[in-house]
Structures are given as C-alpha cells and as structure tokens.
Amino acid sequence: MSRPDTDDWRAALGALLPADGAADPEPAPEAAAPVSAGLLRVSVERKGRGGKVATIIYGFAGDYPEADIEALAAALKRRLGTGGSARGGEILIQGDRGRAVVDALTALGHKARLC
C-alpha cells in the first residue's frame, strides 16, 4: 500500500530516467587524458618558490593538446589529494610527491621517470 505523497516523488524521479526507463547501471569511470607518445619526466624543485617544494611534470610531446594536459593535472590532483596547476606544457603539483606522481602517471597509462 502506498502513501498518497509517494506517487508525486516517484513521478518526478521517473521523469529523470531515459525514455526506455532503464537507469544507468554505473557512473562513468574517471576519464584520463590520452596516453602520451613519449616519456614524461618528473622532478622535485624548490628553487624560485619561496622555499616551498613543488613536483614538476614535463616532457609532453609538442602536439599534445593543452586541454589534455589540464585534464591530466586535474586527475592527478584528485588522485593525490593535493593542489597544483597546468600551464605552459607543464604540470605543477604542490609538495614533494615525486614517487607518488610517477606511480599515478603509470597507473593512468603514461610512461614516467623521476629525474
């Protein structure tokens, strides 16, 4: 036996489903940037950052789109739980995260080496 108010919310939720009535079984997995053709280099630097340490990822191919670099930076920041940015064909991750960055890049399908 259903209560009178349950029909309202069921109808509202039914309107959100696709036309065939099937719900999406799983959310889409995290989209990763396309795999680069070359070897990415990861270095840990302190110079010119006011004494703060940063992990730099560089070595993207010249034809590697800037939007894909930004998407990779976002995926790395989420995965590592840290801040960072992407600009000028490089990714900057805050902190001394060299080994963790190499492991994350490898898990995402990239070739990377700590320099």
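Predicted model: local features only at pLDDT ≥ 70, side-chain atom pairs only at ≥ 80, totals over all residues.
## A tour from the surface to T55

Residues are numbered from 1 along each chain as its sequence is written, and side-chain values use heavy atoms, with hydrogens and water left out.

Colour by secondary structure. The chain has 3 helices and 5 strands (DSSP runs numbered from the N terminus: helices are H or I with at least four residues, strands E with at least two). From the N terminus, the order is α-β-β-α-β-β-α-β.

**The sheet.** Select the strands. They form an open sheet of 5 strands, ordered β3-β4-β2-β1-β5, with mixed pairing (two strands pair if DSSP finds at least two bridges between them). At the edges, pairing on one side only, are β3 (84-87) and β5 (111-114). On average, neighbouring strands are turned by 20° against each other, direction ignored (axes are lines fitted to C-alpha atoms, for helices over the stretch in contact; angles run from 0 to 180 degrees between N-to-C directions).

Zoom in on β1 (residues 39-45). It runs parallel to β5, joined by 4 bridges. Pick V42: its bridge partner in β5 is L114.

**T55.** Select T55 in strand β2 (residues 54-58). Why does T55 count as buried? Because its relative accessibility is 0% (buried means under 20% relative accessible area, exposed over 50%, partly exposed in between; 1.4 Å probe, protein chains only). Show its side chain: a polar atom there lies 2.7 Å from the backbone oxygen of G95. Leaving aside neighbours within four places in sequence, the contacts of T55 include V42, V44, I91, I93, D96 and V101.

**The aromatic pair.** Next, select F60 and Y64. They form a tilted aromatic pair, 5.1 Å centre to centre with 35° between the planes (rings of Phe, Tyr and Trp, its six-membered ring, pair if their centres lie within 6.5 Å; planes under 30 degrees apart count as stacked, over 60 as edge-to-face, the rest as tilted). Both F60 and Y64 are buried. A search of the whole structure finds 1 aromatic pair.

Zoom out to finish. Buried residues make up 26% of the 115 in the chain.

Definitions and conventions:
Polar contact = N/O pair within 3.5 Å; in protein donor to acceptor, adjacent residues only side chain to side chain. Contact = heavy atoms within 4.5 Å.
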